[in-house]
Amino acid sequence: MSRGNNFLASLLWLVIAFLVIYPLSILITESFKVSGMDGSGVHNYLEFFRDIYYLKTFWNTILLSTAVLLVTTLFGIPLAYILARYRQRGKTIFTALILLPIVLPAYAGVFAFVIFFGKFGTMNLLLMDAGLIAKPINFIFGFHGLVFIEALHMLPFIVLSLSAGLTSIDPSFEEAAEVEGASGFRRFITVTLPLCTPSYLAGAVMVFLWPFTDWLTPLILGQVDFLPSVAYINIAYHFTDVHRKYMGIVAVVVSSIVCITLFLFARWWVEKRKYTGLSKGTTAEGRVIEPSSLIKTGSYLYMFFIAALVLLIPVVLGLAAFSRRWVFEPFPTYWTLDNFRVILLETPGLIKNSFVFSVIALILGVVFGLPAAYLIVRTRVWGKDALDFIITLMLAFPGIAIGVSYLLAFWQGIPLATHWIIMPLALFSRRLPYFLRIAHASYLQLDISLEEASEVSGVGKLRTFINISLPLLIKGVLVGVVMFFIMAFQEISTAIFLYRGGWETLPIGIYLNWHRGMEFGISAAMAFLMIVITFILLLIIARIGGGILKAAWGPGEGR
Amino acid sequence: MAFIEIRNLFKRYKKVTAVNRIQLEVKEGELLTLLGPSGCGKTTTLRCVAGLERPEEGDIIIDGKPMISEGFVQPSKRGIGMMFQNYAVWPHMKVYSNIVYGLKLQKISRQGIREKAKEVLELVGLQGLEDRYPGQLSGGQQQRVALARALIRNPKVLLLDEPLSNLDAKLREKMRFEIKSLVKRMGITSVYVTHDQAEAMVISDRIVVMEKGNIVQIGSPHEIYEKPANRFVADFIGAMNFIPGEVAQVLPGADEVYVRTEFGERLLCRSIGPDAMTPGQKVYASVRPEDVEVFPEAPQTGENIFKGTIVHKAYLGNFLFLFVSINGAMIRVQAPYQLPQEEGQELYLSLHPQKCMVLPE
């Protein structure tokens, strides 16, 4: 029935062409338009790479990415090793805590740490009250703070990929090295780590790409000289200054090119060095070691330290959410539920919008994602690999690129952006790859002979899908659904460019609230609410099965 | 003087006993095989010798030095070479680096290492391939890399954990001989683990048959085949017919026994020891298919002559495999390929008493 498959493929391609290829091409063409001149040219790009300021932002971003990658790797290797190799009690709880940042909204961290580590934040006030310091220490308002916050946020990616790599190494590789006379450390450096490289790269790419799309954190810390922040300011603020707008677009395009190049490079490198081998049937744990008590204590302390930092985020936000006028005090003094009252009663639109947009995006995601997964895994339709490739490539695009391209593409010509439907559409486009990865992985686990047996019994393809495939896929699909929802729910980089009055989502509300300098407790309460909702959804996933997540976490995951 | 001594080795995984207090001695220069079905403890025993497992009790003594009782000696310090079932050839290093990995840790000059590598590459037949990556080699070549890596340090002991089971049959046969001749030439004491009894027969000086964590029999391939200690060994090595019956009469001299079976008349069998000797005792008369002689007509002389009907005749090229029914009881027979009788026809079988063993139940 490949006619049906071809039809399906064409439909999907149409959707992709409309929602991805078209906007992105508009983005690129717009970047070539020069202000005060008819027609186009490369002037903007020339100016970008000649202007001291823009060059500075470019290199700052590269520097930030490198620093964040280094820090996460340094702190991540011991964590991954502990999680993958040591038999310790309480490992699951620590693992969950350390991985928490993946599902916290990205901006939650910076808000919480500003409160806690700011000039007159909890930490400084406590230290000054104790007489340990005379003047406040600048913990976070600087490059170092930026690195710290972004590294903490991306740490789980490195830890997950490294520990996946460590557990999947065939133990006999290390045993052979041991028999050959190599001590523990030498073994680790010459055999274990190199064999983890493909897995590590998957996480490393996502970590490196993050600063190219994180426009908000630098802004909040008062450090605007980074590509995504400059792009945001130029486009969203100075929309009357056409020239600046174009420069902002150029910044977005340059970011995208860097991201895509690195993404493709990493994929290519991983493919080239496929480290497969035979296996006698090892335990799923890989090699598990019982560490000495000194190392055990050390690891507990280390995990505790990281987990404490992570826990600070929801705790501090929670404190701020339930209080008001928390300034110049180490801890809140005036407790109230007022913040929540404001959100739920006076501006319930935020929550409503967030849910409605995310649910619509989700439905679109499932309707598109399941057939796409089917097409890619089960058929040989012409163009299916290209489809897979483009959708995966979408992961590499900074969120701002999608937001800006939609803004440009759907304003004139096809005025979609004048209707609120643009919000869920944008969310759908940005988060689709996540659902597809998970659907893809689930499909791979479904033995094709189960479907073939159904067809041989006389049942058509669609019925087979509904009666056989779907019930067996449902676990993975549900996990994908929840993950998609969480990520759409927290999305800000794309939505921030497209919203108009009345369409604000919770994340946008948080940003606006902070930006207008209003009672901070409200922002905190919104963030806290988001964390609670996310947490509940995560518990649902945990019930259904996290094994699918491991399968889908191949090359190319992230925000 | 035993080169490797395994003393009272006891290893348990949670509730399951993997190795149940075995004693074993490996002579210097000998190639000893641990043979048995999955789960019998052979691999665990080998890994204890290597130091990759820590037994709950017992000691391993290599060349006079205890590896456990006077402080646990790490695998890296035991001076052994090891071959793994999945080769364990490191995919991120070239063949050359794989082979010299352990050698680099000894104090030898770069030139010395290069020479040794050249030597051992020729020994295993991989000259010219030292710059390739394992991913570019076939399974057989990868296994040779593993062998070269194990041999280059001139280990005192070589441990082989089912190294050939991932290769195809023809290659397996060839590699068996190569490994054996190399190891014998270099005089290395070797312990080999396999579940393939044909492989064990070909390669070993002595075989240790194991079942469920215990040693069942130790002997040369000939001894194990001709004089199995019990039903398990008899069944595991080669093919065997087991004809259930009872001891009818023990002949003076206690060397021969009459056994009453479903075949009708009594079967004259060879006893293998005092265990199967009481009249009335339930036993198995055991005879290998190749030891059953086939006659188109009743032979004039001989013991244990039976008439049977061919139920199934399978042509295997160089011989036939027959399923013959004698009074309803089935026996498998290996017959010469020129047998004229077809399925459903009758023929005569002769079971030579010396080839019929009585085994206790």
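**Entry 1: where the chains meet**

I opened this predicted model at the A/B contact and found 19 residues of chain A in contact with 18 residues of chain B. Next I asked which helices of chain A supply at least two residues each to the side that touches chain B. They are α8 (171-179) and α9 (184-209). I then looked up which of the elements gives the most, and α8(A) does, with 6 residues. By class, I noted 9 nonpolar, 5 polar and 5 charged residues on the side of chain A that touches chain B.

**Entry 2: chain B as a whole**

I turned to chain B and looked up its secondary structure, which comes to 8 helices and 20 strands. Its C-alpha atoms fill a box of roughly 75 × 45 × 35 Å along the principal axes. Chain B has 361 residues, and 40% of them count as buried.

**Entry 3: the five-stranded sheet**

In what order do the 5 strands of the open sheet in chain B run? I read the order as β15-β19-β16-β17-β18, with antiparallel pairing. I wanted to know why β15 (292-295) and β18 (329-336) of chain B each have one side without a neighbour in the sheet. The twist from one strand to the next averages 45°.

β15(B) pairs with β19 (residues 346-351) of chain B in the antiparallel sense, over 4 bridges. As a landmark on screen, I marked B:Phe295, which stands opposite B:Tyr348 in β19(B).

**Entry 4: the partners of β20**

I then went to β20 (residues 357-360) of chain B and looked at how it pairs with β13 (residues 266-271) of chain B: the sense is parallel, over 2 bridges. Which residue of β20(B) is the bridge partner of B:Arg270? I found B:Met357.

β20(B) also pairs with β14 (residues 282-287) of chain B, where 4 bridges join the two strands and they run antiparallel. Here I picked out B:Val283, whose bridge partner in β20(B) is B:Pro360. So that I remember what holds such pairs, I wrote a reminder: strands of a sheet pair through backbone hydrogen bonds, in either the parallel or the antiparallel sense. For β20(B), my notes now hold a parallel pairing with β13(B) and an antiparallel one with β14(B).

Conventions: Residues are numbered from 1 along each chain as its sequence is written. Chains are lettered from A and ligands numbered from 1 in the order in which they are written. This is a predicted model: local features need pLDDT of at least 70, side-chain atom pairs count only at pLDDT 80 or more; totals for chains, interfaces and linings use all residues. A residue is buried if 20 or more other C-beta atoms lie within 10 Å of its own, exposed if 12 or fewer, and partly exposed in between; C-beta atoms are placed from the backbone. Two strands pair if DSSP finds at least two bridges between them. Axes are lines fitted to C-alpha atoms, for helices over the stretch in contact, and angles run from 0 to 180 degrees between N-to-C directions. Two residues are in contact if their C-beta atoms, placed from the backbone, lie within 7 Å. Ala, Val, Leu, Ile, Met, Phe, Trp, Tyr, Cys and Pro count as nonpolar, Asp, Glu, Lys and Arg as charged, and the others, Gly among them, as polar.
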